[in-house]
Amino acid sequence: MWKFVRKYLHYAVIGALLMVGEVFMDLLQPGIMRIIVDDGVLGSGSGDSNLRLIINYGILMILIALFGGLCGSLNTVFVNMAAHGIGNELRKACYRTVMGYSFSRMDRSGAGTLINRLTGDITQVQSFFAMLSRGLVRTSFMTAGSIFFMFMLDPAFGITVLVAFPVIVGVLGWFLMKLTPRYLILQSQIDRINTLLQEDLSGIRIIKACVRELYVMAKFGEANAAAVATQIFIMTVFAFINPVINLLTAVLISLVILLGSSGVDTGTASTGAVMAGITYLTQLLHSLMMMIMLFQGISRGRASLSRISEIMKEDLSLKNGSFVPEKPLKGKIEFQNVSFSYPGDESDTLKGIDLTVEPGETVAVIGSTGSGKSTLTGLIDRFYDVNGGRILIDGVDVKDYDLSTLRNSISYTLQKSELFSMSIADNIRWGRPDADDSEVRSAASVAQADSFISEQPEGYDTLVAEDGRSLSGGQRQRIAIARSVIRNAPIMIFDDSTSALDLTTEGRFFRALRNCRPDCTKIIVAQRISTVAGADRIIILDHGRVAAQGKHDQLLENCELYRELYRSQIGDEAVLS
């Protein structure tokens with residue numbers, strides 16, 4: 001954490017010095033009060049009160065209190081500047097790390113857990129540093145100062161407190177030891193709540209369609225109940241801490257009063273000294289109460305810090321290469337004995353794939369559900385890394401490429417059309433932020449989206465609802481395709497991204513794409529025979545292997561698997577004809 005702390009360390013140091021100033025001003029007050037009582041009110045020595053002394057020292061107490069308050073206010077400002085600065089840097093660093101995760105790492109964590117760590121946990125760490133900068137300085141200096149000044153008042157006072165203090169600290173330490181594991185459990189339970197929230201809100205339509213509201217509410221209630229039970233346990237422990245500390249402090253105050261009374265009777269102590277001693281004990285009590293809150297914050301902060309460290313110390317499975325080609329890629333793709341399995345899956349999704357796609361070639365990939373079509377294309381863009389074999393682009397292993405260079409050279413349209421809460425034009429421009437309006441409209445025209453966009457209330461400036469819910473499935477797909485087209489990448493991958501389009505619109509799109517990007521390498525993953533029939537070559541995947549490849553007519557003649565797919569969609573008569 002040092003690299004995040006050192007940038008704002010000067011704020012923390014200034015805040016700590018200001019806190020020392022505030023504590024010192026607080027510690028001077030009881031001593032001045034002793035002088036007012038003994039020399040001003042009781043008139044030690046003469047027996048008469050001294051009004052002038054009372055006024056002068058009273059004004060001094062007010063000035064000291066004002067200066068102490070100013071130190072405290074400035075301390076709060078500087079400590080918050082340090083804590084929020086550290087939190088800001090930490091949050092950005094964690095976000096950069098998460099952006100570097102592979103899909104497999106993201107799958108393992110889950111979005112809910114990562115969101116909680118980047119929000120709730122970092123907020124707890126901010127509070128943790130603020131407490132260390134403010135609370136720890138105050139409690140330690142106030143505790144040490146109160147004991148020191150009690151020694152100065154009467155050694156018996158100081159010895160009494162010094163003997164009892166380790167007992168109090170031991171009690172607090174025992175409670176802290178019991179609570180720390182519970183905070184880790186609590187944060188995991190909050191992760192679970194966030195995950196359920198994300199799943200249920202994103203899937204609210206299917207929940208309502210299947211009338212499963214009661215089920216998801218019950219499931220959410222169980223997760224909440226578990227978190228509440230942990231919180232109640234923590235609060236119960238803290239409910240017992242206060243009475244224990246109050247009891248120990250009451251015993252101390254009683255001892256000081258008893259010793260002070262004996263001292264006043266024997267003449268070894270003054271009334272003012274006893275009052276000052278009680279005030280120092282009260283300050284010590286407040287310090288201990290703050291220590292309780294400090295320990296609570298430290299417990300939560302340590303738990304959150306360990307969870308954030310898991311993100312920061314993550315050994316990213318996707319290592320960035322360094323190769324940056326001097327010229328634009330031609331788009332030749334080679335699979336050399338490629339095998340792949342998803343993390344935690346014992347069976348291979350892809351097995352021994354050997355395949356070459358030439359520059360400018362349009363290759364379609366088809367196969368039954370689960371045959372590995374999307375997995376195959378995802379490996380090109382390094383969404384995942386192969387377990388065996390190699391994938392080459394223009395003769396260079398994809399692992400050797402700089403990731404940004406590699407992905408800027410591939411235009412990937414996902415199976416699910418992800419849209420953002422911004423205008424339609426900005427959603428298309430997401431593919432290339434520097435594109436002008438004419439380029440946006442041209443890409444939309446190729447994607448067969450210009451006509452319906454122009455009919456929107458504000459045309460291309462129409463705002464898209466969250467997750468594109470204000471648009472139909474086909475409209476979302478066409479906007480996503482336009483975003484892909486505008487990239488002008490040498491390799492284009494369409495992962496079943498025209499499934500919501502009617503056959504006429506789909507046909508017009510592929511014809512327009514061929515006309516505007518004839519030299520681009522295109523890989524089309526599809527379920528429909530009509531989508532792949534016009535490709536230069538069709539690859540048939542079956543159980544993770546290349547079962548056959550060739551043109552549409554060749555496969556109809558020679559491949560039984562392709563004929564079965566064709567028959568299931570078109571019919572026996574079409575095959576016979």
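## A first stop: Gln448

Gln448 sits in the loop that links helix 13 and helix 14 (450–454). Helices here are DSSP runs of H or I with at least four residues, strands are DSSP runs of E with at least two, and both are numbered from the N terminus. Gln448 counts as buried, because its relative accessibility is 16%; buried means under 20% relative accessible area, exposed over 50%, and partly exposed in between (1.4 Å probe, protein chains only). The phi angle of Gln448 is near 60°, a positive value in a residue other than glycine.

This is a predicted model, in which local features need pLDDT of at least 70 and side-chain atom pairs count only at pLDDT 80 or more, while totals for chains, interfaces and linings use all residues. Residues are numbered from 1 along each chain as its sequence is written, and side-chain values use heavy atoms, with hydrogens and water left out.

Four strands make up an open sheet in the order 2-1-4-5, and their pairing is antiparallel. The edges are taken by strand 2 (350–357) and strand 5 (396–397); each has a single partner strand, so one side of each is left without a neighbour in the sheet. Helix 10 (residues 373–380) packs on this sheet and touches strand 1, strand 2 and strand 4, with its direction at about 120° to that of strand 1. Contact means heavy atoms within 4.5 Å, and such angles, from 0 to 180 degrees, are taken between N-to-C directions of lines fitted to C-alpha atoms, for helices over the stretch in contact.

Strand 1 (residues 333–340) and strand 4 (residues 388–393) run antiparallel and are joined by five bridges. Two strands pair if DSSP finds at least two bridges between them. One of these links has Ser339 with Gly388 of strand 4 as its bridge partner.

## Two residues around strand 1

Asn337 belongs to strand 1, and its phi is near 50°, a positive value in a residue other than glycine. With 46% relative accessibility, Asn337 counts as partly exposed.

Ser341 lies in the loop between strand 1 and strand 2. Its relative accessibility is 16%, so Ser341 counts as buried. If neighbours within four places in sequence are set aside, Ser341 is in contact with Ser347, Asp348, Thr349 and Asn387.

A second open sheet has six strands in the order 6-7-8-3-9-10, with mixed pairing. Strand 6 (410–413) and strand 10 (545–550) stand at its edges; each has a single partner strand, so one side of each lacks a neighbour in the sheet. On average, neighbouring strands of this sheet are turned by 15° against each other, direction ignored. Helix 19 (residues 560–569) lies across strand 3, strand 9 (537–542) and strand 10, and runs at about 95° to strand 9.

What is the setting of strand 8 like? Strand 8 is mostly covered, with five of its five residues buried. Thr521, Ile523 and Val525 point one way, Lys522 and Ile524 point the other way, and all are buried. Strand 8 pairs in the parallel sense with strand 3 (residues 362–367) over four bridges; Val363 has Ile523 as its bridge partner, and Ala364 has Ile524. Strand 7 also runs parallel to strand 8, joined to it by five bridges, and here Met492 stands opposite Lys522.

## Helix 16 and its two sides

Helix 16 (residues 503–516) has 14 residues, which at 1.5 Å a residue should span 20 Å; its end C-alpha atoms are 20 Å apart, in agreement. The expected span is 1.5 Å times one less than the number of residues. At the N-terminal end, Asp502 caps the helix, with a side-chain oxygen 3.1 Å from the backbone nitrogen of Thr504.

Which residues of helix 16 are buried? They are Thr505, Glu506, Phe509, Phe510, Ala512 and Leu513. These residues cover an arc of only 160° around the axis, which puts them on the same side of helix 16; the arc is that of the directions from the helix axis to the C-beta atoms. An α-helix has 3.6 residues a turn, so residues three or four places apart point the same way. Among the elements covering the buried residues of helix 16 are helix 13 (437–446), helix 15 (473–485), strand 7 (491–495), strand 8 (521–525) and helix 17 (529–532). On the other side of helix 16, Leu503, Thr504 and Asn515 are exposed.

Terms used. A polar contact is a pair of N or O atoms within 3.5 Å; within protein, one must be able to donate a hydrogen and the other to accept it, and residues adjacent in sequence count only if both atoms are side-chain atoms.
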